[in-house]
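Here is a walk through some strands, hairpins and helix pairs, for anyone about to set this up for their own calculations. Keep the viewer open and follow along.

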Amino acid sequence: MILVGELSLWVALLMAVWTATVSFAGGTLRRSELVASGERGTYATFAMIVLASIGLWTALFTHDYSLKFVASFTSTNLPKVYLFTAFWAGQAGSLLFWAMILATYSAIAVFANRNRNRDLMPYVTGTLALILIFFLATLCLGANPYERLDWLPPDGRGMNPQLQNPGMAIHPPNLYLGYVATALPFAFAIGALITRRLDAEWLVAVRRWALLSWFFNTTGIILGMWWAYVELGWGGYWAWDPVENASLLPWLTTTAFLHSVMVQEKRGMLRKWNVVLVMCSFLLAILGTFITRSGVISSVHSFAQSPVGNWFAGFLAIAIIASVYLVATRLKDLKAKAELESMVSREAAFLYNNLVLVGIAFSVLWGTLFPIISEAVRGTKITVGPPFFNSVNIPLGLLLLFLTGVGPLIAWRRASTANLKRQFTTPVVVGIVTCGLLLAAGMRSFYAVVAYTLAGFVAGTICQEFYKGVMARRSMYDESAPAAFVRLVARNRRRYGGYIVHAGVVIIFAAFGGLAFKSENDLTMNAGDTRTLTDAWGHKWSFTSDGVSRYDVLNRQVTAVTLETRRDGKPVGLITSEKRQYFSGTDPETRVATFEPSTEVGIMGSFRQDVYVTLAGVTGLDTSEIRITFNPLVRWVWIGGICMAIGGLIVMWPQPEKRRRQSGYVTQLRPDTALAAENA
Amino acid sequence: MTTTRREFLLSLGGGFATLVATLVAGGAAARALGAQEETRNTMSGPMNQTAYLPVRLAPKPNAKPALTERQRNDLEHQLQCQCGCTLDVFTCRTTDFSCSVSPAMHMDVMGLVAGGYEAQEILAAFRKVYGEHVLMTPVREGFNWVGYFAPFGALAAGAALVYALLRRWTHPEVASPIALPNVNATPDELARLDDAMRSDQ
């Protein structure tokens, strides 16, 4: 099976070359048999890549250490679940995983469009095949997971302990699913630009894929934050690390696109801008991968560096050149079909929202690349860490939060003063009351007060929208409130699903506000020692060390410290934090330590705050170095993330076309007719 | 379809030529940037534990510690551990006990605090020894201002562009249909019609 997998990789590369060639040729020469051959080639490439992936999984599960990849990232005593996830633990495997997802998406796109978008599909298929060629060529020639060692090691090196976490089983696949999904809108955009069929038709297909990308990127980012929080032990969930930033960039541009696409659907505007956003999302995903793989920027995630960064740089350059050329030569075809009637309208609000989202994307990209720029200009190395990103992005983030509340309430085309008064009175009052209460309670952190005030305002807008909708249904259909709520969401999933996403955003911003009250305490404790600390809520916490214990579990030796914890004098439980030293081999006499010791934090969580205990290390027999962090409202970050994911699912859930038409997004999607009528 | 067979073949040839040229150029650029290291584990693998450089100054006369413990911790958040972990000194030393660099840098901070030095003086001392990259954020001076202003500058430029576009697109003279005098409807009906037109539903 391993040999079959290895051969399949090469066959997949050949099939992708064939697919790209005949698809572009078929589209250009209008030869339907070539187009059909290209589509069959997509399925064949998919099958070959699946075989290649099965081959690698087989090698991982059978501990075939003759393969460098297997020997580098697994060991005999590695739990089985991590043998499965080892697939994406290293460079070559993660690239194969990327190729597998792209091939799967490509096959789905070809199948789903077998009777639709027929003019576009040859170029879509061809573009996707070109992207696949890049990945497969990189795999075959640059980072082959089937590369063999000259000798057969008795055991593998094992997996990085920080990757031995359930979060690692789902966080990378989610991010990859989101990253790779940006290729589909990109391919459709290329197809639409080449054929100059830039009507609203291609947007329907693109929007679904963009939503899929957004959904997986969102869940991937949130899961990554959770993993960093529970696994890395530094007490936070976002460090503005270049690789974290890389995941945020396509998310920001996809989010901008999902807002601006509504303006194009409703009003036929922002057509150039939408094409640019779609392309930027894909290019930023590739740029992010380049940053991760090339090593040009130091990152805590740089466990998978190699010269394939050069390949990504080359591919990125080609993709940028092709994108710029196509957009530049199609500007006339991308002319807006309507004009803005007022600066106080929903389309204008979406434009402002896009400006801020793209502004944040730029600032994140700028901060990530600034060390390189600075070194090139001044010859001096600098570090751009969290304080820089926070100083730039917190104001922009708050502006975005404000627009999150404004956008949905303003009317399309032109908002009247009466409309503004009617829509904004309640939310503004909610915001002001929130601000007043916080100031009265003694909160003085400027950004926290602003964040909670805006959160109150946006929450007010969301609640008001749901309230109005539910009350309208109750009066019209005599439904109970829960039934009216469910049907309201079900009847217009896009709108109310979007509000649920916004609710998630509000919750997350409110949780971010809690960071202003985070406190860290650095303690040295012997067995029996008690330390008392005060949290941001004014509670007195006492921690008594039960001493240090050492024991073996599975493939690791554990050194743990347990703290008996009391809040305001009442026992609330035990918190244990561990240091783990992983070993290769199972025999205690011959086992060899692999990697540096890793930290397992102890977390006592509640809706108010997490008490976060990190065992930094042990000196002597029983003296532990401990950091205790009070992290307010962290649980709400995960709740907000879940809320966003649920909202995203609701928006994505297929809706009969009739209903979509009723909700106002389909009527103008018939090629040009509706817009032409409107313009006439 | 607007593309001819000749154009298609030319594009294909051009694409491959660009691919080859860019790969060569990309390779050269990446080599120049020192990106050719095969594997450089930094996450939990070997780090540069020899990166420590002592930062010591003679204590001030009649020196008393100028910083509280909290201020000292805040200061250590502004210094980057030089082992390659990319964390700040406080976070690294209270997370990863196997790192020998951050505890050593911490000891230097303690020594300078005990010597009566203020936070800015301590940061300057570290900068003098390690270079500017020891600071977690660029110093607000010279070219670094470009780093701080560029995001806001870009946003301001974008806002100006959007404003200009909106001014060009916006036609305030367009009369609302509701204002047409010859519509045969009551004000209430017109209001409801206006509401329906403006609503998202």
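In this predicted model, S2(A) and S3(A) make a hairpin with five residues between them. Gly538(A) sits in that turn and has a positive phi of about 90 degrees. Strand S2 covers residues 530–534 of chain A and strand S3 covers residues 540–553 of chain A; the two run antiparallel and are joined by five bridges. If you want a pair to click on, Thr532(A) is opposite Ser542(A) in S3(A).

S3(A) then goes on to another partner. Strand S4 (residues 556–567) of chain A runs antiparallel to S3(A), with 11 bridges joining them. One pair to look at is Ser545(A), whose bridge partner in S4(A) is Leu563(A). Here too there is a hairpin, with two residues between S3(A) and S4(A). Leu554(A) is in this turn, and its phi is positive, at about 45 degrees.

Now for the open sheet. In which order do the strands of the four-stranded open sheet of chain A come? The order is S1-S9-S8-S7, and the pairing is antiparallel. Strand S1 (519–525) and strand S7 (602–605) of chain A each have a single partner strand, so they stand at the edges and one side of each has no neighbour in the sheet. On average, neighbouring strands of this sheet are turned by 15 degrees against each other, direction ignored.

S8(A) has its partners on record here in some detail. Strand S8 (residues 609–619) of chain A pairs with strand S9 (residues 623–632) of chain A in the antiparallel sense, over 10 bridges. Among the pairs, Leu615(A) has Ile626(A) in S9(A) as its bridge partner, and Gln609(A) stands opposite Pro632(A) in S9(A). S8(A) and S9(A) form a hairpin with three residues between them, and Gly620(A) in the turn has a positive phi of about 65 degrees.

S7(A) also runs antiparallel to S8(A), and four bridges join the two. Three residues carry the hairpin from S7(A) to S8(A). Ile603(A) has Tyr612(A) in S8(A) as its bridge partner, while Met604(A) stands opposite Val611(A) in S8(A). Is S8(A) mostly covered or mostly open? S8(A) is mostly covered, with nine of its 11 residues buried.

| Strand pair | Bridges joining them | Residues between them in the hairpin |
|---|---|---|
| S2(A) and S3(A) | five bridges | five residues |
| S3(A) and S4(A) | 11 bridges | two residues |
| S7(A) and S8(A) | four bridges | three residues |
| S8(A) and S9(A) | 10 bridges | three residues |

On to the helices. Two packed helices are described by the angle between their axes and the distance between the axes. For helix H18 (residues 493–513) of chain A and helix H19 (residues 634–652) of chain A, the axes come within 7 Å and cross at roughly 170 degrees. H18(A) and H19(A) are therefore roughly antiparallel to each other. The crossing of H18(A) past H19(A) is left-handed. Sorted by class, the H18(A) contact with H19(A) has 17 nonpolar, seven polar and two charged residues.

A second pair is helix H10 (residues 242–267) of chain A with helix H13 (residues 346–378) of chain A: they pack at an angle of about 165 degrees, and their axes are 9 Å apart. H10(A) and H13(A) are therefore roughly antiparallel to each other. H10(A), too, passes H13(A) in a left-handed crossing. By class, this contact of H10(A) with H13(A) has 14 nonpolar, eight polar and two charged residues.

Chain B is next. How many helices and strands does chain B have? Chain B has seven helices and zero strands, and from the N terminus on its elements run α-α-α-α-α-α-α. Of the 201 residues in chain B, 28% are buried. Taking contacts in chain B between residues at least 6 apart in sequence, 59% join residues at least 24 apart.

One residue of chain B deserves a click. Gly158(B) is in helix H6 (residues 144–169) of chain B. Gly158(B) counts as partly exposed because it has 16 C-beta neighbours inside 10 Å. Which residues does Gly158(B) touch, leaving aside those up to four places away in sequence? Gly158(B) touches Leu355(A), Val358(A) and Gly359(A).

How values were computed: Residues are numbered from 1 along each chain as its sequence is written. Chains are lettered from A and ligands numbered from 1 in the order in which they are written. This is a predicted model: local features need pLDDT of at least 70, side-chain atom pairs count only at pLDDT 80 or more; totals for chains, interfaces and linings use all residues. Axes are lines fitted to C-alpha atoms, for helices over the stretch in contact, and angles run from 0 to 180 degrees between N-to-C directions. Angles under 35 degrees count as roughly parallel, over 145 as roughly antiparallel, 65 to 115 as roughly perpendicular and the rest as oblique. A crossing is left-handed if the near helix is turned anticlockwise from the far one by less than a right angle, and right-handed if clockwise. Ala, Val, Leu, Ile, Met, Phe, Trp, Tyr, Cys and Pro count as nonpolar, Asp, Glu, Lys and Arg as charged, and the others, Gly among them, as polar. Two strands pair if DSSP finds at least two bridges between them. A residue is buried if 20 or more other C-beta atoms lie within 10 Å of its own, exposed if 12 or fewer, and partly exposed in between; C-beta atoms are placed from the backbone. Two residues are in contact if their C-beta atoms, placed from the backbone, lie within 7 Å.
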